[in-house]
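Dear colleague,

Please find below the structure that I am handing over to you.

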Amino acid sequence: MEYEHTSGAPSESTELGHYQGPRAADPEIPADHSDDPGYQTRTRFLTMVAVAMGGVMTAAILVPVIGFAVADSVQEEDWRWVDVGPYSDFKEGSTTSLSVTGPSPEADRRVFLRNRDKELLAIWNRCAHLGCPTKYSAGSDGYVCPCHGGAYDSRGLVTAGPPPRPLDRLDVKIVDAKGRRVPYEAARPVDRVLVGKAYSIDAQERPFKLHPPGDPVDGTLSYLFPFIP
Amino acid sequence: MATTERPEPTPKNIGPKNPAVQAGMGVVDYVDDRTGVTTGAKWFMFRNIPRGTSWFQTLGFTAMAVFGMQAITGIMLAMYYKPETTTAHASIAHITNDVTWGWLVRGMHKWGASVMIVIVFLHMGRVFIWGAYKYPRELTWLTGALLLFMTMMMGLTGYLLVWDQKAYWATVVAVNITSQAPIVGPYLGNILRGGPEFGPDTLSRFYSIHMLLIPGGIATFMAIHLFLVSKLGIAEPPWSKRRLALERDEEDAKRRAASERIPFGRTPVPAGQPAPDPVRVEADS
């Protein structure tokens, strides 16, 4: 079907042919400042206020709650000097097992006071692998862990099994009646033995900050964690 | 402020004659008019499922049912359990030996924990072998992985609550393994323990995590998981002829696209771009 052009006016081709009827004039779009993305309308402002208020209220609840649940847990353990008895209780050449009170009686936290080789060592029984309690065996003159077969010699250095570092130690000192520190050679039987802060050692028995079980104190990983502030 | 017109009451002369059934339907209609709950229930319950759906697809519901049993028995056990280091083990002995059917409810909770782990892993294996984690069900898999993690956390935290030597040292070892994670590990261990060593705070903390924190998380993610299962439907089994044909077609198209060096994807090609399918290019030109 053909339609003739009646005038020179431009016409549109549609599926039905050329439309030549009346046309709606394009209405002039009134300028609206809310179309400008940079313009702050009341709605945008109130939305922003509502979101900010919601964030503040959520934070006001969550920050104290999470701090309450977490903050005290990541502190280092308290310590103090503990008098464990007169020097005469720890004979030259002996290894004495002492019970040390921790937060939990089930923890079976013990310190082995080793008085040998002109030296007094306080060795913590917590296995350096995953924290089970090790036991001193006089027959083999070493420490064994019941959980995964970690074994240590009498100084707490690893001889077998998975532990990544030797047994942790505690500071130990001998003081006289006036509380003055006495060197090992000058210790008298009436002097008191005090056990103090725990620390970790590497295979050469150099002291390090106390690490949790399982972490090596030397090597690359020791720089990554524990990340204790 | 009623904005909806009340529906016409059902005429008395149609519908069931039994007055008990009529009363029941009246209650259902009352609730449905106000909530639309039957539409939701029908959407959830009466879905089309693909040919070949079998008993293997019931493992997910089984896991949910076991979780329900754990929740109910756990709530009841909490009525007798005393979460203190001095009383915890004694109260469990009291539940087991003295309380009527205490041995049964505690046994259901204890063995149900193992059953839940087994069922959850079987469910995961089913989804893996069926390939049901593929598009569009990736997020169902993701929420399922979170549910698996939370189920394992339930196992860890519940194991300590018995507070005997085995529970104590097994959990000491497990939390020390947690502390091995790089950077955040020591923090996580300390946060779990409530300090550097297991103590009274650890027990009450594990109890709170075990009965409040993780069950809430499991319920939330189970709801999301179920919504996604209902929305996306059950995946066809890998031996479904329809699915095999679809996958073969897709492979063919991919291979053809690769040989013609034209882009291939699931999304439709935007207007003005060359169509990826050479067959369609020929048909259009």
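**Two packed helices in chain B**

In this predicted model, α7(B) and α8(B) pack with their axes 7 Å apart and at an angle of about 145°. These two values are given because packed helices are described by the angle between their axes and the distance between the axes. On the side of α7(B), the residues that take part are B:Val175, B:Asn176 and B:Thr178. They meet B:Gly185, B:Leu188, B:Gly189, B:Leu192 and B:Arg193 of α8(B). By class, this contact of α7(B) with α8(B) comprises three nonpolar residues, four polar and one charged.

**Where chain B touches chain A**

How many residues of chain B are in contact with chain A? There are 25, and they face 21 residues of chain A. Both α7 (165-178) and α8 (185-193) of chain B supply at least two residues each to this side of chain B. The helix that gives the most is α8(B), with seven residues. The side of chain B that touches chain A has 13 nonpolar residues, 10 polar and two charged.

**Helix α1 of chain B**

Helix α1 of chain B covers residues 19-35. Its 17 residues should span 24 Å at 1.5 Å a residue, and this agrees with the end C-alpha atoms, which are 24 Å apart. Is α1(B) largely buried or in the open? Of its 17 residues, the number buried is zero, so α1(B) lies largely in the open. Just after α1(B) comes B:Gly36, which takes a positive phi of about 70°.

Yours sincerely

Note on methods
Residues are numbered from 1 along each chain as its sequence is written. Chains are lettered from A and ligands numbered from 1 in the order in which they are written. This is a predicted model: local features need pLDDT of at least 70, side-chain atom pairs count only at pLDDT 80 or more; totals for chains, interfaces and linings use all residues. Two residues are in contact if their C-beta atoms, placed from the backbone, lie within 7 Å. Helices (H or I, at least four residues) and strands (E, at least two) are DSSP runs, numbered from the N terminus. Ala, Val, Leu, Ile, Met, Phe, Trp, Tyr, Cys and Pro count as nonpolar, Asp, Glu, Lys and Arg as charged, and the others, Gly among them, as polar. Axes are lines fitted to C-alpha atoms, for helices over the stretch in contact, and angles run from 0 to 180 degrees between N-to-C directions. The expected span of a helix is 1.5 Å times one less than its number of residues. A residue is buried if 20 or more other C-beta atoms lie within 10 Å of its own, exposed if 12 or fewer, and partly exposed in between; C-beta atoms are placed from the backbone.
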